[in-house]
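Student: I would like to learn how to read helices in a model, with the general idea given before each case. Could we go through a few together?

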Amino acid sequence: MAGWVRAARRTAASIGLAAALLTTAVACTGDDNASSGGEVSAGQGVIGEAPVAGEADLAASPTAQAIKARGTLVIGGDENLPLLSQRNPITGSTDGFDATLGKMLAKYIIGRPNVNIVTTTPETREAMLKTGTVDAVIRIYTITAERAQRVAFAGPYLLSGQAIATLKGTTGIDDPGDLNGKTVLAVTGTTSVAAIQQQAPGAKITTFGTAEECVQALEQGKGDAYVHDLTVLAGEAQLDSKLQISGQPFTSEPYGIGLKLDDDSFKRFVNEWLRKIETAGLWQRAWQETLGTVVTGGVPSPPAIGSVPGS
């Protein structure tokens, strides 16, 4: 974990510039700069080499055929998650690991990386999949057996874990046991809440609707610590010099691509696409260009598809 913290601190000199290029998420945004001549974004080279599905591949999934006919992949996601999915108001592109995967999936289906990102929250994502408002959710969506009874999951495509963030200078909070007796902040509806309850039953949990609200509350002294997925905390520490990541991740969080329940053919289609980009090394390159700019220790291996209950 020290590598994560050191890497985040090394970015402090560029925090002001990065913050100037960021914007808050909007409810619904087209992101097809790759096909409309916009400035090349992080991950664009990877997208250029990404595969395109053949006719036989598309024929196996009615959902994929419908998306291709529409010409746009609608993704439930976020545009305010640094390193994962962050909209750049200068280029109009949404960049990050999740965003790059979304563009590669769109290219695989449509032939071009035409993506429309609809902002989702933990409270709305299942309803959006059920009603067909979005084709897929790519937004740090942890696979659990319980969730898999309501949505289908392709993947897992990334492993993370719950970690603890505090304000710089805070001491004595290094592992979950240290959270007992403390006020701990978390995002409503996330697995962070259950992780805190299990690991620190004596903690007082205060929840907010977004990660940004949790960071703000921490800075305002409304909590002693903030628990979230390490990938999220790494992005926030990169942009906010007041934060530090304390200790090691204390859970394993397998992220999946959320799909409509019982659409087995589309799930197989998406899993096959994941295998192709992993085999080609494109998953690894996307990681290097996004999370790998902060996370030290080398490029991880992609998690085995179907390797966790619910996938």
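Tutor: Helices (H or I, at least four residues) and strands (E, at least two) are DSSP runs, numbered from the N terminus. This is a predicted model, in which local features need pLDDT of at least 70 and side-chain atom pairs count only at pLDDT 80 or more, while totals for chains, interfaces and linings use all residues. Residues are numbered from 1 along each chain as its sequence is written, and side-chain values use heavy atoms, with hydrogens and water left out.

Student: Which residues of helix α10 are buried?

Tutor: Buried means under 20% relative accessible area, exposed over 50%, and partly exposed in between, with a 1.4 Å probe and protein chains only. In α10, which runs over residues 211–219, the buried ones are Ala211, Cys214, Val215, Ala217 and Leu218. They lie on the same side of α10, because they cover an arc of only 160° around the axis, the arc being that of the directions from the helix axis to the C-beta atoms.

Student: How many residues has helix α12, and what span does it reach?

Tutor: The expected span of a helix is 1.5 Å times one less than its number of residues. Helix α12 (residues 264–279) has 16 residues and reaches 23 Å from its first C-alpha to its last, close to the 22 Å expected. After α12 comes glycine 281, with a positive phi near 80°.
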